[in-house]
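Work through these exercises with the structure open beside you. Try each task before you read its solution.

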Amino acid sequence: MLDIKWIRQNQAEVQTVADQKGISLSISQLVAYDDRRRSLLQQLEQLRQDRNRLSQEISGLMRSNEREKADRNKQQVKEINQRLSTVEEEHKEVETHYRQLMLHVPNVVSPDTPAGSSDHDNVEVRGAGEPTRFDFEPKDHVALGELHQMIDIPRGVKIAGSRNYYLTGMGALLHRAVQQLALDVLIQRGFTLLEVPLMVRTEALVNTAHFPLSQSQTFRMAEEDKWLVGTSEVPLVSYYDHEIVDVTEPIRLAAISTCFRNEVGSAGKDVHGLYRLHQFSKVEQVILCEASLDTSEQLLQEITANAEEILSLLELPYRVMAVCTGDMSQKTYKQWDIETWMPSRQAYGETHSASNLLDFQARRSNIRYRNADGKTQFCYTLNNTAIASPRILIPLLENHQQEDGSIRIPEALRRYMQGLEFLKP
């Protein structure tokens with residue numbers, strides 16, 4: 001959420017960003033509602049002052065036996081109460097519309113964010129490794145998973161419907177191994193590990209700016225004000241909801257959690273294999289820091305480097321992409337995605353995302369700190385996917401497959417895989 005005073009002073013810029021991010025929003029309409037609610041609030045305050053003054057006069061008039069004047073005051077108080085009721089109702093309605101519009105206002109974007117309308121306009125920042133080439137006909141991850149009896153999609157669909165799966169045997173172990181590797185990297189870099197709730201109230205999703213725009217992507221618990229989270233970013237940021245925190249040193253939090261996404265609007269898209277699923281696991285990084293562009297930029301570099309280190313340990317080719325305006329979410333100021341080479345797609349596929357949100361989430365969540373002058377300010381927040389599985393199994397299996405169908409285990413993973421160097425069919 002942005003400050004309404006800043007929005008009023010920068011209406012053209014905010015409208016441009018809303019248009020770039022594909023958010024249907026009229027900033028002029030928002031300002032008009034703000035004008036009206038301010039006017040109504042002034043009317044309410046004046047009416048209440050008049051009512052209180054007349055009510056106080058009535059007591060004195062009754063004591064001095066000026067009943068006729070007291071009766072006139074009583075009639076005026078009655079008329080004011082009727083007017084108050086009308087104005088309060090209108091103010092409530094206008095305030096509701098104003099709040100709804102405010103929840104749709106996007107964060108501004110960084111000056112170095114590339115302009116564009118979709119992920120096709122994202123710009124490569126750097127890369128590591130070359131796309132894997134084979135001197136044999138390689139298999140995709142589904143065929144490898146079936147060969148090794150580690151991925152069972154038909155039974156997942158049978159039990160839970162489309163975009164579901166089972167990981168069995170070494171598949172389940174590999175799934176756990178990549179997550180533990182990621183956790184160990186983050187803990188070594190000073191992150192505090194949390195076990196987080198997977199069901200949260202609506203307020204947590206609104207305060208972290210996942211609602212209202214991403215509500216259709218979220219599974220709701222029937223007849224409850226609770227939702228299944230699509231990322232542990234939500235409970236990690238919400239951990240400090242409505243608190244004043246110490247960010248003398250940035251607060252670094254990490255969590256491993258199961259995540260759930262509805263994938264509304266993705267019918268027929270990435271339906272093969274493990275790329276786009278309703279349920280997956282993710283190791284997430286979240287940082288809260290002081291309100292400093294320089295500090296937050298350094299931290300964005302840091303969390304992205306953590307994810308790159310994990311991919312290097314997995315010995316996978318990847319590239320870092322600067323995400324364009326049209327591919328960014330409402331809440332994001334600056335975003336980098338990491339795409340990993342997936343031989344079966346003959347393309348890089350997104351596996352990680354790192355975002356700097358400035359104070360957009362903290363303002364909604366009322367998370368503050370005291371600056372050097374002792375005044376409270378809203379924190380900046382950042383987040384990044386350290387690893388998401390089973391999607392990461394796609395490049396892991398495909399890039400490390402051998403001609404005989406075996407799969408080489410990267411050295412960094414072997415201690416989590418019972419010391420195995422290869423998975424044999």
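Buried means under 20% relative accessible area, exposed means over 50%, and partly exposed lies in between (1.4 Å probe, protein chains only). This is a predicted model, where local features need pLDDT of at least 70, side-chain atom pairs count only at pLDDT 80 or more, and totals for chains, interfaces and linings use all residues. Residues are numbered from 1 along each chain as its sequence is written, and side-chain values use heavy atoms, with hydrogens and water left out.

**Exercise 1. Another pair**

Task: What is the N to O distance between glutamate 90 and arginine 36, and which helices hold them?

Solution: 
- Read the distance. The two side chains meet in a salt bridge at 2.7 Å, N to O.
- Locate the residues. Glutamate 90 sits in helix 4 (residues 67-102) and arginine 36 in helix 3 (residues 27-63), 54 residues apart.
- Classify them. Glutamate 90 has a relative accessible area of 31%, so it is partly exposed. Arginine 36, at 33%, is partly exposed.
- Count the total. The whole structure has 22 salt bridges.

**Exercise 2. A pair between two strands**

Task: Which strands are tied together by glutamate 339 and arginine 319?

Solution: 
- Confirm the bridge. The side chains of glutamate 339 and arginine 319 meet at 2.8 Å, N to O.
- Name the strands. Glutamate 339 lies in strand 11 (residues 334-342) and arginine 319 in strand 10 (residues 318-322), so the pair ties together parts 20 residues apart in sequence.
- Classify each end. Glutamate 339 is buried at 12%, whereas arginine 319 is partly exposed at 22%.

**Exercise 3. A proline in a loop**

Task: Where does proline 410 lie, and which residues does it touch?

Solution: 
- Find the loop. Proline 410 lies between strand 16 (407-408) and strand 17 (422-423).
- Check the cover. Its relative accessibility is 1%, so proline 410 counts as buried.
- List the contacts (heavy atoms within 4.5 Å). Proline 410 touches Leu313, Leu314, Glu315, Leu396 and His400, not counting residues up to four places away in sequence.
- Follow one partner. The C-alpha atoms of proline 410 and leucine 396 are separated by 8.9 Å, and the two are 14 residues apart along the chain.

**Exercise 4. A serine in a helix**

Task: Is serine 296 buried or exposed?

Solution: 
- Serine 296 is in helix 10 (residues 293-313).
- Apply the cut-off. Serine 296 has 0% relative accessibility, so it counts as buried.
- Name its neighbours. Serine 296 touches Cys289, Asn356, Leu358, Tyr380 and Leu382, again leaving out residues up to four places away in sequence.

Definitions and conventions. Helices (H or I, at least four residues) and strands (E, at least two) are DSSP runs, numbered from the N terminus. A salt bridge is a side-chain nitrogen of Lys or Arg within 4 Å of a carboxyl oxygen of Asp or Glu.
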